[in-house]
Structure formats: C-alpha cells, structure tokens
Amino acid sequence: MEQRYRAKFINSLSGFKSANLIATKNTDGQTNVAIFSSVVHLGASPALVGFIMRPDNTDRHTLNNIVSTKHYTINQVSAEFYRQAHQTSARYSQEESEFSHSGLSTHYIDGINAPFVKESRLKYALTLQDIVHIDLNNTQLIIGEITHILCENKAIQEDGYIDIESLETTCISGLDSYHNTNRLSRLSYAKPDQLLNNLDLSGLPINQNKEEKLS
C-alpha cells in the first residue's frame, strides 16, 4: 500500500479511540499540548494510565517535557472544542505553544506544575512512573500514576461510574474523524449461567428503583 493510504487504513482497524490532549511544561516554562488517541487504562489501584509515543526523536516535545519534569496532564476532548484539539497535531516548533495557536486555554491548580486544558470537562494530573520501550516498532509506552482529578460533579454516579457522554466527550476513528457517542446500555456484571440485566445510569437494574435499593 502507498504510505499515507496504509496509515489511514490500518489506523481505522482498531475502531473508536479516545480523544485526549496531553499537556506539559518544560523546565523553562514553555507549555505544550498535543492530541493523542492511544490513552489506555492500566489499573485502578494504583491508578495507572498509559499512552503510546511514536518513535522517539528530538521533535517529541511532549515526551521530552515528561522525561525532564515527570509531570503531565491528560484532558478529555469534548464536542465544543474538538477542532481546536485537532489543531494541536500540527508540527509547531519547541518555542511555540500549541495553546496559543489552537485557541485553547491553560488552567493551573496548586501543587501541579503542568497545565490543564481549561476547556476540558474531565482532566487529571499524572506523575511519570515508567517508560517501556517496544522494540517491534520503536515506540514507547508511557505509564503515569494519577494524582489529581478534575471532573464536573454531575457526571459522577453513585457507584463511581463517570457518565462521559453527559460531558460530550468525543472519540476518534482513523486519524482524523471525530464522533459523538450514543450509549446503548449499562449492563450488569457478567456471571456464568446468569442473564445480563440492563442497568440505569446510576447502576441499578432497570426494574429496580432507588426506594427498593434503600429498603
């Protein structure tokens, strides 16, 4: 296959992927933000999240900043600013901040050196824990531990489930196609020889109301 055709074709095979902005700041105070579709949950206790960096070179500003400072933030992309988020994939120089060129805004909280993306409705700060080199294609799995979480309270359900659809979180297919989502259902914990139950947003079986739960 021709190179660009192959890249788009193979990138489409894995289906819908998360859309996240990873924000960093170097030791000179220069901010950086870039969109990634490879963020993945690795564990809840400790709370570990990973993402894939393509082959390392001197232009990998996100990786360079993470290695030098050990801190970064991951910010979910929602429908109202997906175009600005996509613009961060452009190749700006080390001296230029994608925040300025994309129209996105920085947001800081006490104790966290890396910026958050102000427009993001679900975001979290991480401390670098490990970098795993993948020899097969010279990529790297960057593993961080979550230290702080900022999320709109209305999205957090009683059982801990975060309703990211209410935050208008978008996803990506291929390299450049952005999508809204439409929940089909929450489902009960799967067990052998038991039928699945549909759950409401709060995690209760559809035929069980909150009064029954309390009793």
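Lys 70 follows H2, and its phi is positive, near 75°.

**Ground rules**

I note that this is a predicted model, in which local features need pLDDT of at least 70, side-chain atom pairs count only at pLDDT 80 or more, and totals for chains, interfaces and linings use all residues. Residues are numbered from 1 along each chain as its sequence is written, and side-chain values use heavy atoms, with hydrogens and water left out.

**Whole chain**

I counted secondary structure next. The protein chain has five helices and 14 strands. Helices (H or I, at least four residues) and strands (E, at least two) are DSSP runs, numbered from the N terminus. I boxed the C-alpha atoms along the principal axes and got roughly 60 × 50 × 30 Å.

I then looked up burial. Of the 215 residues in the protein chain, 39% are buried. Buried means under 20% relative accessible area, exposed over 50%, and partly exposed in between (1.4 Å probe, protein chains only). The accessible surface comes to about 12800 Å², and carbon and sulfur atoms hold 50% of that. Accessible areas come from the Shrake-Rupley method with a 1.4 Å probe; for residues, only the protein chains shown count as cover.

Contacts came next (heavy atoms within 4.5 Å). Among contacts with a separation of 6 or more, 57% join residues 24 or more positions apart.

Lys and Arg count as positive, Asp and Glu as negative; His and the chain ends are not counted.

**Helix H2**

I went back to H2, residues 61-69. Its buried residues are His 61, Thr 62, Leu 63, Asn 65, Ile 66 and Thr 69. I recalled the helix rule: an α-helix has 3.6 residues a turn, so residues three or four places apart point the same way. What do the buried residues of H2 pack against? I found strands E2 (20-25), E3 (31-36), E5 (47-53), E6 (71-76), E9 (122-134) and E10 (139-151).

**Salt bridges**

I searched the whole structure and found six salt bridges. The criterion is a side-chain nitrogen of Lys or Arg within 4 Å of a carboxyl oxygen of Asp or Glu.

Arg 121 meets Glu 80 at 3.7 Å, N to O. Arg 121 sits in the loop between strand E8 (116-117) and E9, and Glu 80 in the loop between E6 and helix H3 (82-87), so the pair ties together parts 41 residues apart in sequence. Is Arg 121 buried or exposed? Arg 121 counts as buried, at 16% relative accessibility. Glu 80 is partly exposed at 44%.

Arg 121 also bridges to Glu 168, with the closest N and O atoms 3.6 Å apart. That pair links distant parts of the chain, 47 residues apart, with Glu 168 in the loop between E10 and strand E11 (171-173). Glu 168 is partly exposed at 40% relative accessibility. I traced the network: Glu 80, Arg 121, Glu 152 and Glu 168 are linked by salt bridges.

I checked Asp 163 and Arg 183 as well. Their salt bridge has an N to O distance of 2.1 Å. Asp 163 is in the loop between E10 and E11, Arg 183 in the loop between strand E12 (177-179) and strand E13 (186-187), and the two are 20 residues apart. Asp 163 is buried at 6% relative accessibility, while Arg 183 is partly exposed at 29%.

**Surface patches**

Patches are made of residues with over 30% relative accessible area and no salt bridge; like charges are joined within 9 Å, nonpolar side chains (Val, Leu, Ile, Met, Phe, Trp, Tyr) within 5 Å.

Arg 4, Lys 8, Arg 54 and Arg 91 gather in a positive patch. Arg 4 belongs to helix H1 (residues 3-12) and is partly exposed at 48%.

Met 1, Tyr 5, Phe 9, Ile 10 and Leu 13 form a nonpolar patch, with about 560 Å² of accessible area together. Tyr 5 is in helix H1 and is exposed at 52%.

**Leu 199**

My last stop was strand E14 (residues 198-199), which holds Leu 199. Leu 199 is buried, at 14%. Its C-alpha is 4.9 Å from that of Arg 186, 13 residues away along the chain. Leaving out residues up to four places away in sequence, Leu 199 touches Ser 185, Arg 186, Leu 187, Ser 188, Leu 204, Pro 205 and Ile 206.

Methods:
The place of a charge is taken as NZ of Lys, CZ of Arg, CG of Asp or CD of Glu.
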